Amino acid sequence: MKKASSPQLLVEFGEESLRTEPIRDFQTNPNFPESESVLVLVLMPTEEAYALPLVVKVVDNWAFGQQTVTGQANIDFLQPYFCDPWAQDYVHPKLPRLSEKKHQAFLGYLSRKFWFKSSKAEDEYEHEVDWWSKLFWATDEHKSLKYKYKDYHTLKVYDCELEAVPAFQGLQDFCQTFKLYQEQPKLDSPVVGEFKGLFRIYPFPEDPEAPKPPLQFLAWPEREDFPQPCPVRVYVVRATNPPPQDYRGLCDPYVILKLGKTELGSRDMYQPNTLDPVFGTMFELTCNIPLEKDLEIQLYDFDLFSPDDKIGTTVIDLENRLLSGFGAHCGLSKSYCQSGPFRWRDQMPPSYLLERYAKRKELPPPLFSPDEDAVFYNGKKFKLQSFGEQHRTVAESTDTGLWNLLRTEGKVQMWVDIFPKKLGPPGPPVNINPRKPKRYELRCVIWKTANVDLVDDNFSREKTSDIYIKGWLYGLEKDMQKTDIHYHSLTGEANFNWRFIFTMDYLAAERVCVQSQKDYIWSLDATSMKFPARLIIQVWDNDIFSPDDFLGVLELDLSDMPLPARHAKQCSIRMMDTDPKWPYFLQYKHFSLFKKKTVTGWWPCQVLDGGKWRLSGKVKMSLEILSEKEALIKPAGRGQSEPNQYPTLHPPLRPHTSFMWLRSPVQHFCSVFWKRYRFKLIAFVVISIIALMLFNFIYSAPHYLAMSWIKPQLQLYPPIKIFNIITSLNTSNASSSILPTQDPNLKPTIDHEWKLHPGPTNHLSNIFPELPAPED
């Protein structure tokens, strides 16, 4: 009620009413000068359901006695306010009283004597736990590192705001909040203010001499205790399932805090391209309660060109959290640590909390015995040894140690710590900054292989393989590296002396690698992806004219990998069994390379054969993990390139058959070609011979057919003498003109008579068809 000047409370019940004293300095202290008032006796029906409503009005007093009703609240249901004043188990609502500093200092000394003090420095928890580990332990998220003391550091996460937890009574166990309206409240009536108070209705004896019931409210603290200046720490952890705000179904959320006139947060701190933003931000501010009590948390979506969209908002009443008897103003852990990531941050030490809790339960105060290192509380004696030598839990005070973790479904996950200044300075803040990965360099030296499967045949029908190795980190396949080729291995052994170097950003607390990359070229922000830190080694057989043959794979989780075997004979596939059935003493030990730093030995390669994994080879490697700074101090090159150091890798000594390609490339080519395609070559030669014979037959057939048609038998007889035939002609030069090619060395045969070949065929007519046939 910002416009009120001097308000007072008017309570009406039927015809009876009661007025409080007006608040003279409302703008500086809105509390009433008297903390308790008793309403006059009223007559109510026996049935509580028929009782009249209770009307609460706020009347503002102006100059010259003018009064106006600025707001009112109607309490129609009075059942929650009925009580039995004589009940034995009734606990009076009361405020936590502010204690003297001397008393706190004395009990603080005893608490340092009895309660746990962490012996580890904060930087020693790098690879073990942090505050996010506590959150993941409570929500069963991720696979956090195993920590044997996590039960001492666990916290409670609620799936709703603390005000909605039934056990906390809406954090109004001491003071209830009533909304004030200008008139009879309706669905759309505006709220003009709030009234904080509490009512109790109980029967009063009719006999005036009968003992009167005791008062139901203890005395409030002195008026000068309020308003209280309080440092406030707001821890915004993350948001869950905010509604999408862009066409990709994602949003770019950021947080804005408002408390009174103070506004914190920046739109530059938005989380890009996500529906599960992790803020991990702590806002610290100072306020005067109850003048500044409403903490407003707003969630916006970042837009580059258009105005930012408002995703949602929530309001937390800091006054209710401070006044509540459930201790909702500061969360307490189960252990008292003075160092490390779980340091105690409350203003009051555990010993004082234990004493305050005993007072609330009307128990005798605890007695500390420094000589015996023991505490006598509630009729029991607790010795220091019963809590262990390293961790001492806070006995019986965990009921009030509540983590104020607000998790509105689909909104924001957070909690608030409030520290009244009169109790002294608060403890150190909790570091909830998002986990950031650390840059590491993995150096993998491939020394040799053994017992690798042989898949090829050579000239002598022996099995061989041309072995080489590929390696990469899971999720970083673009940085795949491979060794040179060991040719013609006859025993499955291959020598490489080859170095792989991989760079990764590793998040030790979650055992994952983080990679940030832009989804598109025009994207403004990169999207982060997480994947396990896993090294993948594959063994292959090199082929020239066909795809390479896969021979086996080895996958090693760098944060939980089996110890290697010292010798190849000791290496077996049982080392890679994730669910071993062997007794514990026969199981292979596992370790984290990030802690051990370097290791050398043999690991098995396996291949899926017939639905089962079998051993297909063994690889000897050296694995070394270095931080970015260590890698700069000890540079090394990939393969066998410079700088070839740490260690120096020399060319491997390989058998003579391995250098066949260099010494006789033609012979090696023919060998490779023959062993791969010998059946195809034989078939090609046979087909070629048949095709050649067929072609020769087709080519020669016309010539032979022509000769059969011409009948060349005449060429087998001697030459024919035709002088008599020619001289019978009238032309003297006919013989010379007809037979110009007659050999001069030929002599005529006079001694022999001409004998014509018997038969109907006239060969002369066939040769000279124009000449007449000879006469007898």
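This is a predicted model: local features need pLDDT of at least 70, side-chain atom pairs count only at pLDDT 80 or more; totals for chains, interfaces and linings use all residues.

Q: Then is Arg511 buried, partly exposed or exposed?
A: Its relative accessible area is 30%, so Arg511 counts as partly exposed.

Q: Where is Arg511 found?
A: In the loop between strand E23 (494–507) and strand E24 (512–517).

Q: What is phi of Arg511 near?
A: Phi of Arg511 is near 60°. That is a positive value, and the residue is not glycine. Most residues other than glycine have a negative phi.

Q: And Asn241, what is its phi near?
A: Near 50°, again positive in a residue other than glycine. Asn241 sits in the loop between strand E7 (228–239) and strand E8 (253–259).

Q: Switching to peptide bonds. Which residue is joined to Glu642 by a cis bond?
A: Pro643, with omega at about -5°. Most peptide bonds are trans.

Q: Where is Pro643 found?
A: In the loop between helix H6 (628–633) and helix H7 (660–663).

Q: What about the bond from Tyr646 to Pro647, cis or trans?
A: Cis, with omega near -5°. Pro647 also lies in the loop between H6 and H7.

Q: New topic. Which residues does the "transmembrane region" annotation cover?
A: Residues 681–699, according to an unreviewed UniProt entry.

Note on methods:
Residues are numbered from 1 along each chain as its sequence is written. Side-chain values use heavy atoms; hydrogens and water are left out. UniProt positions are given in the numbering used here, feature names are shortened, and annotations may be inferred rather than shown by experiment. Helices (H or I, at least four residues) and strands (E, at least two) are DSSP runs, numbered from the N terminus. Buried means under 20% relative accessible area, exposed over 50%, partly exposed in between (1.4 Å probe, protein chains only).
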